[in-house]
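Me: I have a structure open and want to go through it piece by piece. Can you take my questions as they come?

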Amino acid sequence: MRLYQQLILFMLAATVLPLAAVGFLLLSRAEAELAARIDAEQRIVASSTAESVSSELMKTVDALARSAELFNWQRISPEELRGGLQLLYGQSPAVSAVLHLDADGTPQGPPVFRDEGESEHPGFDPRGVEMLARAVPVKTLRLGNKGQAALGAAYAHSLSGRAAVAVAVKLADGEDSPFVLAEVVFSDLEALLARRAGGNPGHIDLVDSSSGRILTSSQPERRMRPLEPELASQLTAVDAQIRSFQSASPARRVSGARVPLVPGFDVVVSVDEAVALAPVHAMRRTVLLSIGVTFGVLLALGALYTRRLNRRLSEVVAGAEAFGRGELERRVTVRGDDELSDLASTFNRMGSELEAARARMLRWNDDLKARVDEATADLRAAQAQLLEAQKLAAVGQLGAGVAHEINNPLAGILGHTQLLLLERDDKDPDFDALRKIEQSAKRCKEITQNLLRFSQQRAKPELRPVELNAVLRDALSLTEHQLKAEGMTLATELGSPPVRVKADPGHLSQVVLALVSNARTAMMNTESKHLVLRTGERDGRGFLEVEDTGKGIAPEHRARIFEPFFTTKDVWTNVGLGLSVAWRVVSEAGGTIDVRTEVGQGACFTVWLPKA
């Protein structure tokens with residue numbers, strides 16, 4: 001893949017794609033929040049408008065009912081009857097006509113109305129008297145009381161085309177009571193819906209859910225039209241006072257509320273999603289355009305940058321090819337103060353160094369013979385060291401054999417000496433001599449046991465849980481007096497609570513004694529004689545540390561301190577087996593030994609053992 005292509009991918013991955021992802025995520029959230037807010041506002045508008053529609057209708061119905069209760073309609077004269085109907089007609093400007101009916105619903109005289117334009121009332125077509133008389137089944141009110149009212153089904157007003165509804169009011173008590181029938185036109189409701197809609201997008205409709213028709217709307221051209229089938233089915237699917245849903249064709253957000261006290265009437269507030277979410281969609285187009293422009297600018301800048309970069313890199317490639325042909329005097333032109341300039345400078349320095357190296361190589365040819373002779377001498381020295389190592393191995397084998405041969409007689413000497421000690425008291429002139437013989441025999445036995453432990457394949461140790469603090473105290477009881485007699489200060493830092501590890505207690509005591517003995521020997525000829533012994537737990541393992549302020553171990557000796565018969569002591573003691581045996585014992589217990597040392601600053605040996 002070319003550098004320009006890699007740069008484009010990097011710009012896409014590092015800038016454009018993250019910005020686009022974040023932008024569209026934020027836009028999606030904004031769209032969801034805006035849709036939720038639109039639904040909430042629509043529900044509020046639908047609920048409040050339904051309340052207003054119910055209040056407007058009930059105000060007209062109540063006015064008609066209250067006015068009807070003022071007369072004794074069964075005992076008034078024809079002129080008074082006409083005046084009473086005129087009174088009912090004037091209760092609301094939405095009333096287009098008032099008709100007097102008998103108990104069977106038969107019209108009794110002409111309706112009371114005015115022609116359209118003569119007053120604020122809607123006009124009435126006298127030919128529609130029969131249809132008005134059948135608009136409300138008055139027989140359903142026979143059992144009611146005087147002033148009781150009922151609404152009929154909505155229909156289209158013959159003159160204005162607006163929706164209208166007939167209101168029947170009972171004029172007396174009893175089953176043979178006459179009725180008055182008023183036609184109420186929804187002109188005021190249409191104005192109410194228009195005011196509610198205001199300048200907001202969308203429209204508000206008053207819907208007859210039983211017939212699926214729009215009775216009146218904030219947009220007059222929609223009145224008396226059938227409601228979209230999808231909206232009609234969703235409107236009746238949910239039995240709730242207020243509900244919200246979406247329609248797919250066309251895409252709309254719709255909220256509906258039932259009109260209180262008027263069964264079958266619903267107020268529906270709807271808005272096209274494209275119009276409602278237009279700000280978010282416009283912002284999305286702006287983001288897409290911005291991303292496209294940004295990407296185009298980045299492509300142009302990347303092309304210019306990579307063209308300049310490739311031209312300068314080609315000079316470095318040409319210089320490298322010249323070096324491959326042996327033209328070490330070739331140099332690259334340095335321009336500017338950037339990384340490529342640093343590369344060119346480094347390349348030129350490399351050429352200079354290669355020239356100098358070739359000159360040195362020519363001079364080294366003259367010294368080759370001397371170097372070969374020196375290497376030959378080193379090889380001979382290595383062969384001598386190997387011979388010495390073989391001698392030491394032979395000495396080790398010999399020591400093992402000697403230890404086997406000496407161990408049995410030595411046990412007899414030690415046993416007889418201890419028996420003689422038991423037969424004498426400490427005032428006997430031979431007591432001190434026998435004690436020295438016992439001590440010397442014990443030391444010889446210890447040396448032979450160390451030789452055997454190192455040179456022979458020993459049986460499996462008895463590993464069991466042992467407390468480090470107890471082992472340390474037991475070992476110190478054997479050597480603490482000697483340390484203090486030589487002017488050394490001893491400090492112990494024992495872990496609390498005590499740490500238990502899995503080891504052979506006898507062998508572990510020998511490890512402690514060997515490390516303490518080495519520390520004591522290392523501090524014999526130093527001014528600072530301070531010995532610290534620590535126990536504790538770290539990283540899930542128990543540890544035991546012996547730290548001294550002796551002369552330390554030279555770097556060239558650190559790799560060999562655990563070799564048998566190797567020692568750095570000024571006075572050779574115990575044939576150099578202490579650390580070798582300690583390493584063998586710790587390894588058998590599944591542990592390790594770490595060493596920290598610095599010449600002149602002392603040494604610290606850390607024994608790591610698995611916890612029990």
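Me: Where does D539 lie?
Reply: D539 is in the loop between β14 (530-538) and β15 (541-547). Helices (H or I, at least four residues) and strands (E, at least two) are DSSP runs, numbered from the N terminus.

Me: What is phi of D539 near?
Reply: Phi of D539 is near 55 degrees, which is a positive value in a residue other than glycine.

Me: Is D539 buried or exposed?
Reply: D539 is exposed, at a relative accessible area of 71%. Buried means under 20% relative accessible area, exposed over 50%, and partly exposed in between (1.4 Å probe, protein chains only).

Me: Before I go on, what sort of model is this?
Reply: This is a predicted model, in which local features need pLDDT of at least 70 and side-chain atom pairs count only at pLDDT 80 or more, while totals for chains, interfaces and linings use all residues. Residues are numbered from 1 along each chain as its sequence is written, and side-chain values use heavy atoms, with hydrogens and water left out.

Me: OK. Which other residue has a positive phi?
Reply: M224 has phi near 60 degrees, and M224 is a residue other than glycine. M224 sits in the loop between β7 (213-217) and α5 (229-237).

Me: Buried or exposed, M224?
Reply: M224 counts as buried, with 17% relative accessibility.

Me: Back to β15. What does E545 touch there?
Reply: E545 is in strand β15. Not counting residues up to four places away in sequence, E545 touches V532, L533, R534, R538, R596, C604, F605 and T606. Contact here means heavy atoms within 4.5 Å.

Me: Which side chain does E545 have a polar contact with?
Reply: The side chain of T606, at 3.2 Å. A polar contact is a pair of N or O atoms within 3.5 Å; within protein, one must be able to donate a hydrogen and the other to accept it, and residues adjacent in sequence count only if both atoms are side-chain atoms. E545 is also buried, with a relative accessible area of 6%.

Me: Now the helices. Why say α11 is largely enclosed?
Reply: Because 14 of the 18 residues of α11 are buried, α11 is largely enclosed by the rest of the structure.

Me: How far apart are its end C-alpha atoms?
Reply: The end C-alpha atoms of α11 (residues 505-522) are 26 Å apart, which agrees with the 26 Å that its 18 residues should span at 1.5 Å a residue. The expected span is 1.5 Å times one less than the number of residues.

Me: What is at the start of α11?
Reply: A side-chain oxygen of D504 comes to within 3.1 Å of the backbone nitrogen of G506.

Me: At what angle do α11 and α12 pack?
Reply: The angle between α11 and α12 (residues 578-588) is about 145 degrees, and their axes are 9 Å apart. Axes are lines fitted to C-alpha atoms, for helices over the stretch in contact, and angles run from 0 to 180 degrees between N-to-C directions.

Me: Which residues make that contact?
Reply: On α11 they are H507, L508, V511, A514, L515 and N518, and on α12 they are G578, L579, A582, V585, V586 and E588.

Me: How many residues are in the largest nonpolar core?
Reply: The largest nonpolar core has 42 residues, and V53, F186, L206 and F265 have the most contacts inside it. A nonpolar core is a set of buried Ala, Val, Leu, Ile, Met, Phe, Trp, Tyr and Cys residues joined through side-chain atoms within 4.5 Å.

Me: Which element gives the largest share of this core?
Reply: α1 does, with eight residues. Another core lies apart from this one and has 35 residues, among them I561, A582, F605 and L609.

Me: And what is F265 in contact with?
Reply: Leaving aside neighbours within four places in sequence, F265 is in contact with L57, A154, F186, L206, V207, D208, L215, R258 and V259.

Me: Last one: how many helices and strands does the protein chain have?
Reply: The protein chain has 12 helices and 17 strands. Of its 612 residues, 38% count as buried.
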